[in-house]
Amino acid sequence: MAAGSRRRQRFVLGALLGLIPAASAWSAASCAQRVLEELGWRISAADIEAPMVQGGPVCERADLRQAQAAGDLRVQLPRQWSEAQRQAWLPTVFDDPATVCAYAFKLGAATRRATTALQDNEGFRFSALQLGWIGFGAGGAQAKGWERFRSFGRGYQPSEANSAALQTFYDGRVRAECGVGRQVAQLATQRELYGDAAFDRAFSAEELSIGTFLTLHETDSILLGRHAGEFLADGKATKTARRGRQAFVGAPGFIEHVFDRAYLDDINNQAENFVVVDVSDAAARALREHDGFAYYDRINRRIWSLAQRMPGPGPRRFERLLIERDPLWRREVPAAQQPLLKELDALLDDPFYQGFLIYVHPRGIRPIGYHIARLLDRNPRTPFAIELGLHNLHTTLYRRWIDAQLQQCAAAPVAPVTPPYSQAEQR
């Protein structure tokens, strides 16, 4: 049994046995049920001997409404069970993969709120020339709610409230490269998921460190440091593609040059660090069919090879031709190259390139195909490959969020919940 599951069971059992003060005992005993219902589970009673759990392929659904309409997220408990038996058993549902996918709906909504806020801040920029790895501008980091712990802007942590520090990236003037942009998007997602007050309580300042990726490994960072816990390593997204579209949302990744650095023309566009914002049903089916990103690395190589055979002027030529599909630029393509252009169009019309939406600082939220085409202009001498980064969204961060919800529920002065069993039977 996972450590998070054991903690949750001890929490509920402690309430039932009177180890938690009586004033909060009922809240604690019912909190597993409350949190599960808030995630979308429907709990009822039936004339059965053992619990029946119908999780369903929740990660393949577009949203919670679709999942519930399909009959997912249903639990039936034996009618003869006592309240103590019910509440002692319910925490085991937190370990069901369907619960993690139900949480992914909330995580996805939080990711979209966070990345939309970040892309809408015109003051959050990226420039090749800036003082330090992160530049906080006039007043320095301290005025923006951050304090430095590494030289040359390579490491910062919140100096006051966590939420106030993240707010700087929502509406302040800050400069950072796309790796920091990815870190900020990941942390801002947690802020949106928890809400400001709970976010400020849930994490220490060092857990929210930002800077170079190497710096994070030496801190208590919840992203890549000592408090990150259990990682999912799925670089080519083979396992993630099999789980479904919601398993991608919020995950970090990068688009990286394949050939040696000697083949780079624009060092500031040698890679694109991203956070996955949304995945269409068609994109998810394409990824499942092709078993993840490795297939698309080969398509990227084909796209690059075709582009090599289409020389022409213009700093944004392929972006205009393949993304904007500007009719004036497309008419300028010589007749001999028109078949190449047609093949490029067909490749980039694949649902993956169109429906796999990522946030990249400072480009905002765009389909991944946009970046593959844009990099043809920035670094035309190398193809690019796609990887998911290490992440703990569905392991450590999931368990911490569940525990935080249980604790918040137990502390709330609320009246007992009417068990849903009779409600289900009346439907």
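Which residue meets the side chain of arginine 226 in a salt bridge?

**View 1. The salt bridge of arginine 226 and aspartate 220 in the predicted model.** The partner of arginine 226 is aspartate 220, with N and O at 2.9 Å. Arginine 226 is exposed, at 52% relative accessibility, whereas aspartate 220 is buried, at 15%.

**View 2. Salt bridge between arginine 399 and glutamate 230.** The closest N and O atoms of the two residues are 3.4 Å apart. Because arginine 399 belongs to helix H19 (residues 396–411) and glutamate 230 to the loop between helices H10 (213–217) and H11 (238–243), the pair ties together parts that are 169 residues apart in sequence. Arginine 399 is buried, with 17% relative accessibility; glutamate 230 is partly exposed, with 44%.

**View 3. Salt bridge between aspartate 291 and arginine 242.** Here the closest N and O atoms are 3.4 Å apart. Aspartate 291 lies in the loop between helices H12 (281–289) and H13 (294–308), and arginine 242 in helix H11, so parts 49 residues apart in sequence are tied together.

**View 4. Buried glutamate 177 without a salt bridge.** Glutamate 177 occupies the loop between strand S8 (174–176) and helix H8 (178–194). The nearest side chain of opposite charge, that of arginine 182, is 9.0 Å away. The side chain of glutamate 177 has a polar atom 2.9 Å from the backbone nitrogen of glycine 179 and reaches the backbone nitrogen of valine 180 at 2.7 Å.

**View 5. The hairpin of strands S6 and S7.** Strands S6 (residues 146–150) and S7 (residues 155–158) run antiparallel and are joined by four bridges. Phenylalanine 152, in the turn, has a positive phi of about 55 degrees. Glycine 155 is the bridge partner of arginine 150 and also stands opposite glycine 211 in S9.

Key
Residues are numbered from 1 along each chain as its sequence is written. This is a predicted model: local features need pLDDT of at least 70, side-chain atom pairs count only at pLDDT 80 or more; totals for chains, interfaces and linings use all residues. Side-chain values use heavy atoms; hydrogens and water are left out. Two strands pair if DSSP finds at least two bridges between them. Helices (H or I, at least four residues) and strands (E, at least two) are DSSP runs, numbered from the N terminus. Buried means under 20% relative accessible area, exposed over 50%, partly exposed in between (1.4 Å probe, protein chains only). Lys and Arg count as positive and Asp and Glu as negative; His and the chain ends are not counted. A salt bridge is a side-chain nitrogen of Lys or Arg within 4 Å of a carboxyl oxygen of Asp or Glu. A polar contact is a pair of N or O atoms within 3.5 Å; within protein, one must be able to donate a hydrogen and the other to accept it, and residues adjacent in sequence count only if both atoms are side-chain atoms.
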